[in-house]
Amino acid sequence: MADFEIPQLKEYPVIPTIQEGVMAHSKPFVAKEEFQQQLGFPGELVDNWQQVAYDKMEELNGKYRSLQVFLDSCVKCGACTDKCHYYLGTSDPKNMPVARQDLYRKVYRRKFTFAGKYFPKLVGAVDLTKEVLDDWYSYFHQCSQCRRCSVFCPYGIDTAEISMAAREVMDCIGVGQKYCNEIIAKVYKIGNNLGLPEPALADTLEGLEEDIEDDTGVAVKLPLDQKGAEILLVTPSADFFAEPHVDGLIGYAKVFHEAGISWTLSSHASEAANFGMFIGSYENMRKVSLRIREAALDLGVKRIIFGECGHAWRVAYSFLNTLAGPFDFLDPKYPVPQHIMEFTYDLIQRKAITLDKSANDDMVLTYHDSCNVARASRMGPMPGGQFVLPREVIKACCNHFYDMPQDTIHDATYCCGGGGGLLTDDLMELRVKGAMPRMEALKHVVEEHGVTHMAAICAICKSQFTKVLPYYGFKMDSIVSVHQLVSNAIVLGNKQ
Amino acid sequence: MPFWTIVYALLFYIATALLVVGLAARIRKYAKTPAPLKIPTTPAPVTRQGVVLRMFREVAFFESLFRSNKWIWIFGYLFHFGMFLVLARHFRYFTNPVWTWVELIQPFGKYAAFAMAAGLLGLWARRFLVDRVRYISALSDHLMLALLFAIAMTGIGMDYLSHTDIVSVKAFFLGLMTFNWQPLPEDPLLLIHLGLVVTLMIIFPISKLLHAPGVFFSPTRNQVDNPRERRHLAPWAAELEK
């Protein structure tokens, strides 16, 4: 099945002994010239790349307090060394958060600190040589920017910030990653990550409407570019056809239908995900975000709601107001943006929708907290609402729910292994190995409670699990969307 | 004036200047560098008071470290709070009359030195015994522990083995502060102790000891979780909107 060794799932988590260099070969494909240029980056490695990189590093240090403070503050205590799923799954010491940061930090020290300039050997400072650059390309593409390390660091050092900076520096010298940069180029050109043009999107939505009507006898609509609708739904484009994503989309449509509220998708902003974050490019992240503002203005909506997507929700919740605000043209009664989970949860609280839990009786469920929802955003008014709301919605839709072990959920959740711009086939080995800690936790509840399905609210998690579950002996369709459960349970036509 | 008194007086003036100026420059840099995006590690407090509380728990109890690794927490806590008490105890050499609270902690300060040394040994042992920590340790990480440990041991040595003329030491430091130099006793242990302290003061602002001011500027810990309620915009990002 694979040309690499699939990690063994153990009874209890074991911290592996380090094995130097075992993942040094893992590298994603490099972006082609045309996509680099569409993002405003040089097409190939520039001649004076070393100097350009140093200049960029200096610029970033002046622009990001996080980067500057994090580079200075690490004391190498070792608290993070056993926290990264990629380290746990691969045993490569450069996948320990501190060691990953050090790939960047040692160059920072060499060029920008007294100790590194005059006593490089003492503090482990080095110049940015070709070998170091190769290590950067390899290991900064073995970080899914999931922030688990930042939870456990006594100074809150977030390796994601360093990874983003490193990727930005590499983009600026012409060494971009194919997967991310092609996708961003597609968003600019067509409007979504998958390159699904407007007619195809309209077609797909029509097909889904027919499916729902065949299935339920109720004419649930999935409107596109409908001016004057109350709500603009922005959702990851995988929701339009990938499994189990699309079942989630059907769920949102049914919820809106039952709520009796007008809504629309936008062909201009037919993508919630924002890969600008993965490559650490504020400019690209802003440009991608502005599509949503434009769509909201153009369609004259009053609210913006995001579908199930982890990193998208981080950018939406934490950054959208910054990047594309202020949203003073929307209804001030509602937060901007809202998560579909907040919307559905509110309806359930108000008993405005009827749910038949027995519709999901064929499943025993657990819930995977998506990393960026868990550690970089919130839902509802209370801190930690991002853990409560999805679970409450799930529990309202099914009779059998069990959480995975405490140290693998909530803000200690493990990344699925495919986040942060790594969901590409050229990184399959990394993705499979990185999923190990989550698979181990899943196995625990499967054996303990007979769990059959794991629900998630992130397009990347869903795609990643569909692909990696079989490597660990689980069925690929044992990953479900939370709104798929809502879709199954919701009683249509009840509130007419 | 004796030779060593002149040397140490000058060293302390220089070290103090470097420490103060170096730290101030670094803190100024941290404060001036914008944090363009809201990146608190969530769940995060939704109010400023909440953030103050979170920061207090982080600094006073090492909350995140406690969740992370109990061994590092125990050793780190012993070391830091041992050192904190020891430092507080040392105020008696710089104040006249000695402040009441400094008098009160005197007995604890003595034992705290052992806690400090024990914590340092524990942390140092991890750098040899745990393969992951061994991998990430540079020579400077070992030397830093060696320096702190040597400071603690020479201090303990003067307390228990070979006393120095502490009244004269106090006179020396009070003299330094009033620019009225007094002779420093020339006991080897004292000279070594003070020499190491000077070294520590000098490297503080150019080393990983910057974690002390750094933690207060860490955006993942000091930001309020309110991005939807309040628009957060860095000056350089605002330029992009023009």
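Colleague: What should I know before I start?

Modeller: This is a predicted model: local features need pLDDT of at least 70, side-chain atom pairs count only at pLDDT 80 or more, and totals for chains, interfaces and linings use all residues. Residues are numbered from 1 along each chain as its sequence is written, while chains are lettered from A and ligands numbered from 1 in the order in which they are written.

Colleague: In what order do the strands of the open sheet in chain A stand?

Modeller: Strands of a sheet pair through backbone hydrogen bonds, either parallel or antiparallel. Strands here are DSSP runs of E with at least two residues, helices are runs of H or I with at least four, and both are numbered from the N terminus. Two strands pair if DSSP finds at least two bridges between them. In chain A the order is β5-β6-β7, with parallel pairing. β5 (365-367) and β7 (479-481) of chain A are at the edges with a single partner strand each, so one side of each has no neighbour in the sheet.

Colleague: How many bridges join β6(A) to β7(A)?

Modeller: Strand β6 (residues 453-456) of chain A is joined to β7(A) by 3 bridges. In β7(A), V480(A) is the bridge partner of A455(A), and S481(A) stands opposite A456(A). β5(A) and β6(A) also pair over 3 bridges, and there T366(A) stands opposite M454(A).

Colleague: Which way do the residues of β6(A) point?

Modeller: In a regular strand the side chains alternate between the two faces of the sheet. From β6(A), H453(A) and A455(A) point one way, M454(A) and A456(A) the other way, and all are buried. A residue is buried if 20 or more other C-beta atoms, placed from the backbone, lie within 10 Å of its own; it is exposed if there are 12 or fewer, and partly exposed in between.

Colleague: How far apart are the end C-alpha atoms of helix α13(A)?

Modeller: The expected span of a helix is 1.5 Å times one less than its number of residues. Helix α13 (residues 245-259) of chain A has 15 residues and should span 21 Å, and its end C-alpha atoms are 21 Å apart, which agrees. Among the buried ones are H245(A), Y252(A) and E258(A). Just after α13(A), G260(A) has a positive phi of about 65°.

Colleague: How is chain A divided into domains?

Modeller: Domain bounds come from an automatic or database domain assignment. Chain A has domain 1 (33-176) and domain 2 (185-402 + 451-489), and their centres, taken over C-alpha atoms, are separated by 32 Å. The contact between them takes 13 residues from domain 1 and 10 residues from domain 2; residues are in contact if their C-beta atoms, placed from the backbone, lie within 7 Å. On the domain 1 side, α10(A) gives the largest share, 5 residues.

Colleague: How many residues do chain A and chain B each give to their contact?

Modeller: Chain A gives 58 residues and chain B gives 56 residues. On the side of chain A, helix α3 (residues 65-73) gives the most, with 6 residues.

Colleague: How many helices and strands has chain B?

Modeller: Chain B has 12 helices and 0 strands. Of its 242 residues, 32% are buried.

Definitions and conventions. Two residues are in contact if their C-beta atoms, placed from the backbone, lie within 7 Å.
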